[in-house]
Amino acid sequence: MALRLASRKLRSDISPIRSSASLLHSHATSFGYREVREEEKTRMVSNVFSNVASNYDLMNDVMSGGLHRLWKDRLVSKLNPFPGMKHLDVAGGTGDVAFRILETITSIRRRVRQSTFDDYLQDETRIYVCDINPNMLNVGKNRAVERGLGEEKSLTWVEGDAEALSFEDLSMDGYTIAFGIRNVTHIEKVLAEAYRVLKRGGRFLCLELSHVEVPVFKDLYDYYSFSVIPALGELVAGDRESYQYLVESIRRFPSQEKFASMIADAGFQKVEYENLVGGVVAIHSGLKI
Amino acid sequence: MYRTAAKRLLSVATLRNSSNGRLRCPYAETLIGGVSRFSTSTNPQSFYNQSHNEDQIPFPPVDNPNDADSTTSSSTSSSASSTAEGAGARRYQRQRPRIVLGWTQEAMISGSRDIGVSPAIVGTFPRKEAALVEFFMDDCLQRLIDRIDSGEDLRSLMPSQRISKLVRIRLEMQTPYISKWPQALSIQAQPPNIPTSFKQRAMLLDEIWHAVGDEASDMDWYVKRTVLGGIYSITEIYMLTDISPDFRDTWAFLDDRVKDAFDLKKTIQEAKYLAETVGAGMGSSLRGFVNRVFNR
């Protein structure tokens, strides 16, 4: 009960900020609960990720209790990678998703050695990891070396903006963005870019922290994110602000239904989403035909 | 849009998993060779138009065998692309090594390459291989219904003959895939797929009984379907290990089973009459006995 009260109090603390926010100029965008100018958001997000890059994996494990590994596994199993695939992982600087895709493809290849999947298909496999933040990319590159994938030709590290990708039209079989789309300034632009680079039959998959609607669990989750996570951030990474931003940005992200309709508006077909852990994260998927 | 693409993919994938070994059915040859012919029957033209309407890049039209050949060969192997001209079904077979992929994701991936969409689309089928098998089952059922609707010859047959003829027509559709059919059966028997495969079989049996002209709505309805289900399944299994030319043994086996079933029906009928007669006889003698007792 005390918990419920605490979270309710917390919400009432927040709501005045929310209502004043809507009065601001329309070119403003959200940075957590703060309203900032569009050009500033990019810089501020970039600062956040530069700050957290070194502790990123540790903090992910601490905050999600290791669950983020399962979520990423689920994402990759939904993607259903295949040898010869051209895949683009956006905002995947630390390579978590990319390594999983590569592992899946290698295991498929081992399994169906004699059939049509010849070696030339494996050679054609390309996984592009695109991230706007060089610090995050460096973390990923180092991890690739640690895993013995330093010389792997299939992995390409690209520094780039999700709103203006440097890839050609119709060039990708798959597009994933895990815990990234929340941090961009224009979600619509990112979706439009995803649609542009995908081939016909290519799939868009998005793993993102989302909204919990289960009654009691919601209160618990709110308490956890507003009280525990910033404290954890301070304790483990010595950076309260960045993690405060993290939880606020989750609340500002569109709801599952709203985001699904945004994906459909970008032109994708067969748009679906799946809630994991009651909506703490959701996997949205779309198909380009 | 998605449905059409998925359907096309599955129909091509079905072709790609057929066996190259024991080809005994006359039309197996055309099925395997004539990718183009078959995909025309799933109406690529309408698909083509649809994609035009929505301002997207259309699929390569596949209504012409030459086109089909060039698209498939360029997407499957880079070496065999210069042979587009004058490719009939037979020639086409010789150019590309026939690969037996079975009812697998690989067949679906290769099917999607054939129709020119990214194999990533396979990830949208929730139960992967099962989708392929179920598509084939639905397709066969549709073909059977078409055959029933058009077949004047069926109406002149006796009910028992009609049943075995229909089961035979349906099972013959599986002959091109017979070496991989056990795999399909095992996919259908997997727990997540059982509801659909059961339903599809029930629909098939319904359709056959309907064609025979059965309109029972009592207990008989269940009995009839159960009996036919048994006959169908057991013949299907028998067929898997049948090595006689043109599955002659299978069809003989099927005829016997149908005959058995009709005999059984007759036997039950006779037993019923007998019981009634005996009952009546017993009843009258019992009455006589009781009367004698009370008349005293």
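Author: Two strands are taken as paired if DSSP finds at least two bridges between them. The model discussed here is predicted.

Reader: In β5(A), which residue is the bridge partner of Cys130(A)?

Author: Strand β4 (residues 126-131) of chain A pairs with strand β5 (residues 155-159) of chain A in the parallel sense, over five bridges. In β5(A), the residue that partners Cys130(A) is Val158(A).

Reader: Which residue in β4(A) stands opposite Asp89(A)?

Author: Strand β3 (residues 86-90) of chain A and β4(A) run parallel and are joined by five bridges. β4(A) is mostly covered, with five of its six residues buried. The residue of β4(A) opposite Asp89(A) is Val129(A).

Reader: Are the rings of Tyr195(A) and Phe268(A) stacked or edge-to-face?

Author: The two ring centres are 5.1 Å apart. Planes over 60 degrees apart count as edge-to-face. The planes of Tyr195(A) and Phe268(A) stand at 85°, so the pair is edge-to-face.

Reader: How many residues apart in sequence are the parts that this pair ties together?

Author: Tyr195(A) belongs to helix α8 (residues 187-197) of chain A. Phe268(A) lies in the loop between α11 (256-265) and β8 (269-276) of chain A, so the parts tied together are apart in sequence by 73 residues.

Reader: Which residue lies over the face of Tyr195(A)?

Author: Tyr195(A) is buried, as is Phe268(A). Ring pairs also link Tyr195(A) into a cluster with Tyr175(A), Phe204(A) and Phe268(A). Over the face of Tyr195(A), at 4.6 Å from the ring centre, lies Lys288(A).

Reader: Which residues touch the most other members of the largest nonpolar core, and how many residues does the other core have?

Author: The largest nonpolar core has 111 residues, and those touching the most other members are Trp103(B) and Ile121(B). Its largest share, twelve residues, comes from helix α8 (residues 128-150) of chain B. Apart from this core lies another, whose members include Tyr128(A), Tyr195(A), Met262(A) and Phe268(A).

Notes: Residues are numbered from 1 along each chain as its sequence is written. Chains are lettered from A and ligands numbered from 1 in the order in which they are written. This is a predicted model: local features need pLDDT of at least 70, side-chain atom pairs count only at pLDDT 80 or more; totals for chains, interfaces and linings use all residues. Side-chain values use heavy atoms; hydrogens and water are left out. Rings of Phe, Tyr and Trp (its six-membered ring) pair if their centres lie within 6.5 Å; planes under 30 degrees apart count as stacked, over 60 as edge-to-face and the rest as tilted. Helices (H or I, at least four residues) and strands (E, at least two) are DSSP runs, numbered from the N terminus. Buried means under 20% relative accessible area, exposed over 50%, partly exposed in between (1.4 Å probe, protein chains only). A charge sits over a ring if NZ of Lys or CZ of Arg is within 6 Å of the ring centre and within 35 degrees of the ring normal. A nonpolar core is a set of buried Ala, Val, Leu, Ile, Met, Phe, Trp, Tyr and Cys residues joined through side-chain atoms within 4.5 Å.
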